[in-house]
Amino acid sequence: MAKRERPGITGDFRLTERIREAAGRGALGQAAILSGAGDLGEAALFLAAAMECEGEARPCGECGPCRKVFRNIHPDVVIVRDPEHKNVSVEVLRNTVADAYILPNEGRRKVYIFPDCALLEPKAQNVLLKVLEEGPPHGAFLFCAENSAVLLPTIRSRAVEWKLSNSATEPVADDRARELCAILRDGKAANVAAYCAGLESSKISRDELRALLSDARDMVTASLAASYGGDYEAEKGLAEALGRQGLSRAADILGSFIRQCGYNVGVGHITGALGVALMELRQFS
Ligand SMILES: [Zn+2]
């Protein structure tokens, strides 16, 4: 068999890795919104494959379920369309909901992809609320919307939003993540407070905050790995300042706030609590 490339979302390495990371933790959830600029349908299939994959580094692209998903022939991955109407009718959605309660044919999950949520009117979206709230654990609903504002707030609050970005790098998040690492290294409590307040007043979105914290955690874990002699590019002085224990504590704290960004919690609340949690690191006392 020819060696295959690991599957990914075209042009968005970061989102690819974030979805893999969430899949590895078993944290893909019941509902997701794929928004932003890019091939949302491709991203939805990638996410569906991550849910169905039986390999490692999900989605692996090589196992039976992955291949079926990527070839669009997996019986438990359904693209919800309504060819007879311009918008998706309430009836089609009722049938979708009823089907979601039936166990998967062969997969781990039953995944429903809504390829264009601009075609879901509010009354149609309302049909989905109950299944999103208390549906069977095997059910998964993936909403593709260039702008997630087309979805009702009640749907948005039940879903994790994965935003596609055309650029392979996000320099803004990267710079701010470096700044956060520098603050951890320097150990001045006033800087932590000012940094977190600055995030809030900059009107950072939850997605941007999640990206920033993921970058910062990557830097922290790279420093930790480097301290054990791994060949990783480490932030200068971070390992010396925090020590291994401090680095791993910092990675835990950042990880827990990355998860909070997936919930419907206000950014101000997250940044406030983040400041408090970081201040508990030993070098700030
Ligand atoms: Zn797989």
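Colleague: Which residues of α10 are buried?

Modeller: The model is a predicted one. An α-helix has 3.6 residues a turn, so residues three or four places apart point the same way. In α10, the residues under 20% relative accessible area are L238, L242, G246, L247, A250, A251, I253, L254, G255, F257 and I258.

Colleague: How far apart are the end C-alpha atoms of helix α10?

Modeller: Helix α10 covers residues 238–260, which makes 23 residues. A straight helix at 1.5 Å a residue would reach 33 Å. The ends of α10 fall short of that span, with their C-alpha atoms only 25 Å apart.

Colleague: At which residue does α10 bend?

Modeller: The end-to-end distance of α10 is short of that of a straight helix. The bend amounts to about 85°, and its position is R244.

Colleague: Which element gives the largest share of the largest nonpolar core?

Modeller: That core has 34 residues, and L180, L184, L209, L213, V220, L274 and L278 have the most contacts inside it. Two or more residues each come from α7 (171–186), α8 (189–201), α9 (206–227), α10 and α11 (267–279). The largest share amounts to nine residues, and the element that supplies it is α10.

Colleague: Which residues is L278 in contact with, leaving aside its neighbours within four places in sequence?

Modeller: L278 is one of the residues with the most contacts inside the largest core. With those sequence neighbours set aside, the partners of L278 are L180, L184, V192, I253 and F284.

Colleague: How many residues does the other core have, the one that includes L15 and L34?

Modeller: This core lies apart from the largest one. A23 and V77 are also among its members. Its residues number 32.

Colleague: In what order do the five strands of the open sheet stand?

Modeller: The pairing is parallel, and the twist averages 20° from one strand to the next. Strands β2 (77–79) and β5 (160–164) each pair on one side only and form the edges. The order is β2-β3-β4-β1-β5.

Colleague: Which residue of β5 stands opposite L34?

Modeller: Strand β1 (residues 31–36) is joined to β5 by five bridges, and the two run parallel. Four of the five residues of β5 are buried. Opposite L34 stands W162.

Colleague: Which helix packs on the sheet and touches β3 and β4?

Modeller: Strands β3 (residues 110–114) and β4 (residues 139–145) pair in the parallel sense over five bridges, with A140 of β4 as the bridge partner of V111. The helix spans residues 90–100, and its direction makes about 160° with that of β3. This helix is α4.

How values were computed:
Residues are numbered from 1 along each chain as its sequence is written. This is a predicted model: local features need pLDDT of at least 70, side-chain atom pairs count only at pLDDT 80 or more; totals for chains, interfaces and linings use all residues. Side-chain values use heavy atoms; hydrogens and water are left out. Two strands pair if DSSP finds at least two bridges between them. Axes are lines fitted to C-alpha atoms, for helices over the stretch in contact, and angles run from 0 to 180 degrees between N-to-C directions. Contact means heavy atoms within 4.5 Å. The expected span of a helix is 1.5 Å times one less than its number of residues. The bend at a residue is the angle between axes fitted to the seven residues ending there and the seven starting there. Buried means under 20% relative accessible area, exposed over 50%, partly exposed in between (1.4 Å probe, protein chains only). A nonpolar core is a set of buried Ala, Val, Leu, Ile, Met, Phe, Trp, Tyr and Cys residues joined through side-chain atoms within 4.5 Å.
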